[in-house]
Amino acid sequence: MASSIGKCFQIYGAEKMNLLFVGEMLEHNIDALVTFKELVFASVQGTILVYERAKRVYEMQSGSQEEIHSLLLLGSLLFGVQGANLVIFDLESQQLVNSISPGDAFGLSVIMHPSTYVNKILIGGSNAAMQLWNFKNMKMLYQFKNYHSPITCLSQSPSIDVVAIGLLDGTIILHNIKADREIMRFQQEQKVTAITFRTDGLHVMASASMSGDVALWDLEERRLIHLLRAHESSVHTCLFFSGMNVLLTAGADNAIKQWIFDALDGVPRLLKFRSGHYKPPTTVKHYGADGQMILSAGQDKALRLFSVIRDAQNTELSQGSIEKKSKKYGSQVEDLKLKHIVQFDCNPAKQRDWDNIITCHTNESAVKTWSFQRKAIGKHTLTPQDGSPVKSVCLSSCGNFCFIGTQQGRIDKFNMQSGIYRQSYVHHTKPVTSLVCDNVNKLLISSSLDATILFWTFNQTKLLHTLQMPEPVSHLTLGQESRLLAAVCDDMIIRVIDIDTHKIVRLFAGHTNRITSITFSPDERWIITCALDGTVRTWDLPSGHMIDAFRLPDLVTSISMSPTGDFLATTHVNHVGIFLWANRSQYENVPIRKLDVDEIRTPLMPAVGQVEQQEEEDIQVQETEQQWMAIQDDMINFSMLPKSRWQNLLSLEAIKKRNKPVEPPKEPEKAPFFLQTTAEAVPKFVMHEEERETKKTRVFDPKAITELSNALVEGSETGVYKQFFEMLKNMSPSAIDAELRLLEPHLFSSFMQAIIYQLDTKHDYELTLAYLLAFCKVSELMVDPCGHSYQEPIGRDANAAGENETFVGDSGEGSDVRTLSR
């Protein structure tokens, strides 16, 4: 099964409904889709793209950018409806071969191939007319009588010559096209969007409508069997599997479902389904410490769980038997759902014991609890003591208690296991906007529209400190390890507060519109924010600068950073999906520097399961000397290499001594009989010349150091040693030791200049010091306070003492002899 999801498509296995492949992300939305075996044909802006599974094979141009909104595959020919014309593509020649134009007044809308009709195609139009064409000689064979409503769909029935015609007014006509005679007629309430027939021996027809209902008709008794509420919005695909009692439906509510007819009354039941939010999600949060699960709440009144590693684990948390209630009371399922979730919190600490998710809803004074273990709504409904609508919720780090902030400024504490009210915190005069508590259950922090942040004791409800802010506070987030509190105010400034001293330690300003969400990175060195100005910005706490930002065409409503730091999840106003952005610092070295406002980039919105493809100039850091310098003059940067890469460099001799075998390997007592020996009195084994060369040659190849030496010489000429140090960083400690031992004496000064250069840039600080210590250890080098380097005296006696000693040194151009006075 192939499903179009905007600018790309997904391929599912029909048996298990598991995701198999995801197509590439395109520049424009897909207009139509058709499949045959492993081939997928997609029309985009008048172009037919052909994929084998998810890999593009070739494309065919129609000569126009007008969309092709319907596709039909017939043998080696592909038909498409493009405006008022029917275009025909040949798959063998991979090009457009012909076009049929029934006229603008016809309003071509749907096409179908009647079974057993060779070289014939049936077309229907918006003028309520239907025609039969021969596409080989390009002639119209027959014009059927006009119907009273535009034709919206055509479907072939199991009987030859009989075609089902769906009209805009909900009429379904079974018509014999050979005799041009109407056989029977049915009527449904809204526009007919799809028609299909069972082929397993029962005479049942299914028709879909704009309201999301699927009507099941008994063709023998000419009556309605059942009206199935299949989707929440229009059903665009309805298809019975060939020879099976399984019905496949897909709707605009972002769901694909399979229904099986195994009951005696002919009423189907839901067999398998895949679904997501059918209205944009508004709140997103990662669940668990592994970062593999995401909880999201959307405008469709649903709380959903998504897995970032296994698509089959995606599900909606159940709100109870609302479908049975809708049938019993004759109401819509949408009306029985809970109201839109304004805020929620989760904690996996007690997920096996009791409910561990709480939600507050629009203008509701009740808080609902949910069970992650059962993927369903919980048994408790928590109501605040003042009875006012709930505006914020929070779970304690232990999972035993929850806090509820109301519109009147009251905070109530409940027990999650029993749902019993415990105590209250009363001081705010306006609605409580956010609640957070520390990880040791000693401190509760609340913010309100009264422009205050209050610090409470967790158990005694004692007010410890009141922090007055210049503007009302809308969001709070707490770094548990750093004990830094980030507060978002209505003046679009992020203030970072030390919760121990109650002092503001950082101010981040730059957003030009209201900030909608804020989160910490896992190491709590970054703060990520999104706002209605369309930007997502990353702020570095140690330096106090904005280090990354990008602008998106669709406003971001919520963000959540993975606990492992690998992905950033975002939700948007015009998208029903959750977007994942990869953290590049997890797998490559990204320079940390201050980012200016004019450097904010606008990346493409990625598709489902697709990694964002950026231009090379956006991914690669500009290799300028200014960007390669450190962030601040008083700061240094460490390399991201493992410690073993530079620590082992100073301990190679100890490592070699430790790894040295206890005794040398022993020769075998008897050589194998098949080795060749010499014909002498005392036979000896015959050795080939290559083996002698191998045994005699145990020195390093001189060519191995040519590349590194050339990089060092080139750096000394240009004054930039970046390439030299990049080569060193890619070498093992033993290889670096060998290079240093074989370094020519006239390059010593160049090596020291490279060390000085790297220390001046303040990059790879600990690695540079390790290179310097290894070089001094290998060459027995001494450095005087003036920066001149000298080797140990030639022939010097360790116990000898004298006023003058002769040293061999390097003046930068060649070796000379210097005399130093002690």
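1. Contacts along the chain. In this predicted model, 40% of the protein's contacts with a separation of 6 or more are between residues 24 or more positions apart.

2. Overall make-up. The protein has 58 strands and 12 helices. Its length is 822 residues, and 47% of them count as buried. The accessible surface comes to about 42,200 Å². Carbon and sulfur atoms hold 50% of that surface.

3. A sheet of three strands. Strands β52, β53 and β54 form an open sheet in the order β52-β53-β54, and the pairing is antiparallel. The edges are taken by β52 (556–561) and β54 (579–582). Each of these two has a single partner strand, so one side of each has no neighbour in the sheet. From one strand to the next, the twist averages 25°.

4. The pairing of β52 with β53. Strand β53 covers residues 567–572 and runs antiparallel to β52, with 5 bridges joining the two.

5. Helix α12 spans residues 765–779 and contains Thr-768. Is Thr-768 buried or exposed? Its relative accessibility is 1%, and buried means under 20%, so Thr-768 counts as buried.

6. Neighbours of Thr-768. Leaving aside residues up to four places away in sequence, Thr-768 touches Ile-755, Gln-758, Leu-759 and His-763.

Note on methods. Residues numbered from 1 in each chain as written. Predicted model: local features only at pLDDT ≥ 70, side-chain atom pairs only at ≥ 80, totals over all residues. Heavy atoms only, no water. Helix = DSSP H or I, 4+ residues; strand = E, 2+ residues; numbered from the N terminus. Buried < 20%, exposed > 50% of the residue type's maximum accessible area, 1.4 Å probe, protein only. Contact = heavy atoms within 4.5 Å. Areas by Shrake-Rupley, 256 points an atom, 1.4 Å probe, with all protein chains shown as cover. Pairing = 2+ DSSP bridges. Axes fitted to C-alpha atoms, helices over the stretch in contact; angles between N-to-C directions.
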